[in-house]
Amino acid sequence: MISNLIKRKIFTLLKVQYSNMLEYRVEIALWAISGIIPFFMLNIWTNNNLNQSINISDVMLSRYFLCAFFVRQFSVVWVVFSFEEDSLMGKVSPYLIQPLNPFFRYFAQHLAEQITRFPFAVIIAFFFFIFNPESLWIPNLGILLLSIVSTFLSFLIQFLIQSIVACLCFWTEKASSIERLLFIPTLFLSGLLAPVVSFPAYVKSWIYLTPFPYLIDFPANLLSGNEANISGGLSMQILWIFLLFPLFKKIWSEGTKKYTAMGS
Amino acid sequence: MVKNIIDVRNLSKSFDISSKKPGLKGTIKHFFRRQTKSLKVIKDISFEIKEGEIVGFLGANGAGKTTILKMLCGLIYPSKGSISVSGYLPFRRRENFLKNITLIMGQKQQLIWDLPPIESFYLNASIYDLDKFEAKKRIKKLSEMLEIDDELFIPVRKLSLGQRMKSELLAALIHEPNILFLDEPTLGLDINAQRNLRKFLKKYNKETNATICLTSHYMKDITSLCKRVICVHEGAISYDGKLDLLLKKLSPVKEILIVCRSEEDAIKLENYGFTVKNKNKNELTIKIENNSITSSLKTILNNFDIEDLFINEPPIDEIIGKVLIKKDYDI
């Protein structure tokens with residue numbers, strides 16, 4: 001009964017947010033196009049034959065960067081910016097006195113945006129295969145499903161990290177500057193610019209202890225058919241979610257005590 | 001015996017405010033050594049509100065009215081004291097408490113800007129666990145009461161301020177709360193929209209026996225809705241009681257303009273013993289205490305040949321204005 005109610009709330013939220021996102025479809029298409037950084041990186045890697053040093057073929061590397069593009073498309077998070085603006089402008093106040101945590105709204109916004117983004121990402125992939133026909137492959141169903149799960153877990157990790165940072169708004173007001181600090185390790189250690197396997201061994205061992213390689217590198221390797229420790233990767237993703245969720249709950253509960261409802 | 005639905009005891013709230021001196025020197029000093037001070041915006045206030053009451057919170061800008069409402073609905077955490085609303089501690093924001101209350105802020109909106117209001121209504125209905133049938137019924141009922149049937153399907157951004165405010169009200173009332181916190185609900189609305197909103201609130205209160213706590217700078221909102229007012233001055237309560245008692249206290253006399261048929265009558269009336277404010281030929285303005293107005297008028301009409309008379313009520317804004325700048329009113 002309770003889960004049915006929650007399901008209905010989330011479903012309605014998703015439905016409404018999807019209608020809202022469709023109003024911004026052109027903007028979302030542009031966002032999707034702006035996420036083609038992995039293709040630039042692919043170009044740099046192949047033109048300089050950098051992949052030979054890590055024993056990955058051209059085809060496998062191009063599949064990796066295509067998958068990195070896809071994973072990024074469906075795990076990109078901007079909750080810190082939305083929450084910061086809403087918090088500073090007092091827009092979060094009406095949501096705080098509703099029997100649903102306001103972060104559910106942001107969560108639904110992100111999911112709805114991903115659904116809206118999907119066709120644009122498929123079109124970009126279509127053009128990618130036209131220019132790189134040798135990279136075309138069809139992953140088996142099991143791997144595809146595991147990759148979808150892993151991409152969703154990656155989204156959850158990023159959503160939780162940014163939500164924790166967003167809650168710092170209750171203390172600092174400008175939490176997005178802290179997020180910018182996190183952007184640097186996310187960019188370099190997540191596998192967006194280079195597969196993590198290309199890092200020196202001693203650096204890699206440290207990187208794998210952080211949540212970053214599980215954001216892009218692991219799901220992209222899994223989907224592209226590159227070497228990936230499936231059970232280890234999924235376990236680490238779940239572990240990070242279990243670590244981050246209580247931290248988010250604690251910081252949320254302490255933060256709302258500090259809330260001053262500015263601007264309202 | 002009507003029970004208290006809101007009980008506030010020795011409530012205080014302080015905010016940490018940082019201050020900066022002007023100029024480059026001030027900016028550099030502020031960068032290295034930020035000076036903050038604790039500002040007590042609510043000072044040890046206590047009051048109760050009964051179920052079904054409509055109470056107006058009056059005060060100048062920054063007096064603390066909105067802060068009180070924010071603490072009552074659980075939006076901000078009190079620094080000291082206790083609050084009980086419908087038996088709950090508001091700040092804990094228990095689901096059953098949140099389902100019982102609503103907060104409407106004149107300047108803030110919860111409707112989704114690019115979608116028609118109906119989408120936000122169904123979203124709120126599902127947040128408050130209403131099934132689709134019940135939601136439809138309530139939307140129909142409230143939209144009829146608010147007279148906004150046609151606007152339900154137009155994107156919010158295309159609605160006028162008045163239509164938006166009505167839609168905000170519908171969104172905030174879809175779960176039929178029994179305590180309403182209204183922070184300047186008529187802000188920016190035209191006269192007709194203000195009147196319609198007041199009419200709606202009166203009807204809602206009558207039909208549901210909802211308790212309403214209201215702040216407004218429009219005195220008409222207060223006089224037409226609230227029998228009781230709580231005046232807040234610099235974070236403390238300067239008056240808590242009936243509005244008409246306050247008005248009587250602050251304006252104990254009425255001015256009456258009397259037009260006599262002849263100048264002789266006007267002279268006789270001038271010397272009859274009333275306090276005369278001014279006289280011009282056969283017209284004179286006298287001041288009569290509120291409690292003797294009927295008997296005085298009877299005397300005048302029986303003893304003098306009167307052509308016309310006008311009773312001038314002092315402007316309510318002026319009277320209330322006096323309250324906003326005074327610390328204490330002992331009625």
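The largest nonpolar core in this predicted model has 129 residues. Those with the most contacts inside this core are Ala68(A), Leu72(B), Leu170(B), Ile174(B), Phe181(B), Cys213(B) and Val229(B). Which helix gives the most to this core? Helix α8 of chain A, residues 141-167, does, with 10 residues. As background, nonpolar side chains in soluble globular proteins tend to be buried together.

Take Leu170(B) from that list. Leaving aside neighbours within four places in sequence, Leu170(B) is in contact with Phe121(B), Leu142(B), Ser143(B), Leu146(B) and Ile148(B). Another core, of 7 residues, lies apart from the largest one. Among its residues are Ile258(B), Cys260(B), Ala266(B) and Ile286(B). I will come back to that part of chain B.

Next, the sheet in chain B. Six strands form an open sheet there, in the order β5-β6-β7-β3-β8-β9, and the pairing is mixed. Which strands stand at the edges? They are β5, residues 101-105, and β9, residues 236-242, of chain B. Each has a single partner strand, so one side of each is left without a neighbour in the sheet. From one strand to the next, the twist averages 15°.

Now along the sheet, starting with β5(B). This strand runs parallel to β6(B), and 5 bridges join the two. Here Leu103(B) stands opposite Phe181(B) in β6(B). On to β7(B): 5 bridges join β6(B) to β7(B), again parallel, and Phe181(B) stands opposite Cys213(B). Phe181(B) and Cys213(B) were both on the list for the core.

Is β6(B) enclosed or open? Of its 5 residues, 5 are buried, so β6(B) is largely enclosed by the rest of the structure. Ile179(B), Phe181(B) and Asp183(B) point one way from the strand, while Leu180(B) and Leu182(B) point the other way. All of these are buried, Asp183(B) included.

Helix α2 of chain B, residues 65-72, lies across β3, β6, β7 and β8 of that chain. The helix runs at about 150° to β7(B).

Strand β10, residues 253-260, runs antiparallel to strand β12, residues 283-289, with 7 bridges between them. Strand β10(B) is also joined by 6 bridges to β13, residues 306-312, and that pair is antiparallel too. What does Leu257(B) face in each strand? In β12(B), its bridge partner is Thr285(B), and in β13(B), Leu257(B) stands opposite Phe310(B).

Over to chain A, and helix α4, residues 58-73. Why does its length agree with expectation? At 1.5 Å a residue, its 16 residues should span 22 Å, and its end C-alpha atoms are 23 Å apart, which agrees. This helix is mostly covered, with 13 of its 16 residues buried.

Last, the two chains together. In the interface, 23 residues of chain A are in contact with 26 residues of chain B. On the chain A side, α1, residues 2-22, and α6, residues 93-96, each supply at least two residues. The largest share, 8 residues, comes from α1(A). By class, the chain A side has 10 nonpolar, 8 polar and 5 charged residues.

Notes:
Residues numbered from 1 in each chain as written. Chains lettered and ligands numbered in written order. Predicted model: local features only at pLDDT ≥ 70, side-chain atom pairs only at ≥ 80, totals over all residues. Core = buried A, V, L, I, M, F, W, Y, C linked by C-beta atoms within 7 Å. Buried ≥ 20, exposed ≤ 12 C-beta atoms within 10 Å, placed from the backbone. Helix = DSSP H or I, 4+ residues; strand = E, 2+ residues; numbered from the N terminus. Contact = placed C-beta atoms within 7 Å. Nonpolar A, V, L, I, M, F, W, Y, C, P; charged D, E, K, R; others polar. Expected span 1.5 Å × (residues − 1). Pairing = 2+ DSSP bridges. Axes fitted to C-alpha atoms, helices over the stretch in contact; angles between N-to-C directions.
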